[in-house]
Amino acid sequence: MVESLPDLIRRWQAGWGASRGFRPAEESRGGLHVLLEQPDRHREVIALSAEPDVLRGLAEEVAAAERPTWLTVPTNRPEEVEAIVREAGLKLRDAREALMTIPLRRHPTRPAPPPYTAAATRNGAVCETVLRHPDSGVAARGTMAVLGADAVADRIETVPEHRRRGLGSVVMSSLAENAVAHGASTGILVATEDGQQLYSALGWTTRATVLIAQSPAG
């Protein structure tokens, strides 16, 4: 059975929040409300629906926030969402992101190329993979939170001087293998524009476009 987009959004947010140590989201008014307490991102509202009435209410809430607040909207109707968000007076980020999934057992295997070495550690539900170079130390890293059958990848990063060597694929391979070993079957993530090319090449499928807007206070 194909999962609904709202269900997929909830599952992604739960893993993303676990990966970063955020408090559990509060669900109300058609959105997930997350307290981040960061200087430029005090709260984030993640829309579970792009229906105009629901989205207008969330956008107006974010626009009225006194502290920096973000509105994140996964949708398959991005142009309609953009119009509603702009009408509310929010500042829309230019770059569109993507909500993506994969059956983890289909994830390709990518060993670390010499002289790099990979090490995986686990802290509660969160696994981290770190690639190191013998001369310059940490070259790439990433995390994946395993919650039941879901594994949510987050903060996949490669140090600039080590890019274009396939290290992101190695990190993802290690994380996927570890997640499967701990009972996960579905990988979920939100990818930046740069990341989408990597994940698509590894077999991830785009499920929705993700638009992000900020309150005037931000």
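In this predicted model, Glu37 is found in strand β2, which covers residues 31-38. Its phi is near 60°. That is a positive value in a residue other than glycine. Arg155 also has a positive phi, near 50°, and is likewise not glycine. Arg155 has its place in strand β10. Its relative accessibility is 38%, so Arg155 counts as partly exposed; buried would require under 20%, and exposed over 50%.

A cis peptide bond joins Pro114 and Pro115. Omega at this bond is about 5°. Pro115 lies in the loop between β6 and β7, the latter spanning residues 117-123.

Strand β6 itself runs over residues 97-103 and includes Glu97. Glu97 is buried, yet has no salt bridge. Arg93 is the nearest side chain of opposite charge, at 4.2 Å. A salt bridge would need a side-chain nitrogen within 4 Å of a carboxyl oxygen. Beyond four places away in sequence, Glu97 touches Val190, Ala191, Thr192, Gln196, Ala208, Thr209, Val210 and Ile212.

Thr192 also belongs to the lining of the largest pocket. This pocket holds about 1,100 Å³ of space. Its lining comprises 35 residues. Ile156, Thr192, Asp194, Gly195 and Tyr199 lie nearest the centre. By class, the lining residues divide into 14 nonpolar, nine polar and 12 charged. Several elements each supply at least two lining residues. Among them are the helices α1 (5-20), α4 (167-181) and α5 (193-201).

Notes:
Residues numbered from 1 in each chain as written. Predicted model: local features only at pLDDT ≥ 70, side-chain atom pairs only at ≥ 80, totals over all residues. Heavy atoms only, no water. Helix = DSSP H or I, 4+ residues; strand = E, 2+ residues; numbered from the N terminus. Buried < 20%, exposed > 50% of the residue type's maximum accessible area, 1.4 Å probe, protein only. Lys, Arg positive; Asp, Glu negative; His and termini not counted. Contact = heavy atoms within 4.5 Å. 1 Å grid on protein atoms, 1.4 Å probe; cavity = no way out; pocket = protein on both sides within 12 Å on 5 of 7 lines; lining within 4 Å. Points joined across faces, edges and corners; volume = space filled by probe spheres on them. Nonpolar A, V, L, I, M, F, W, Y, C, P; charged D, E, K, R; others polar.
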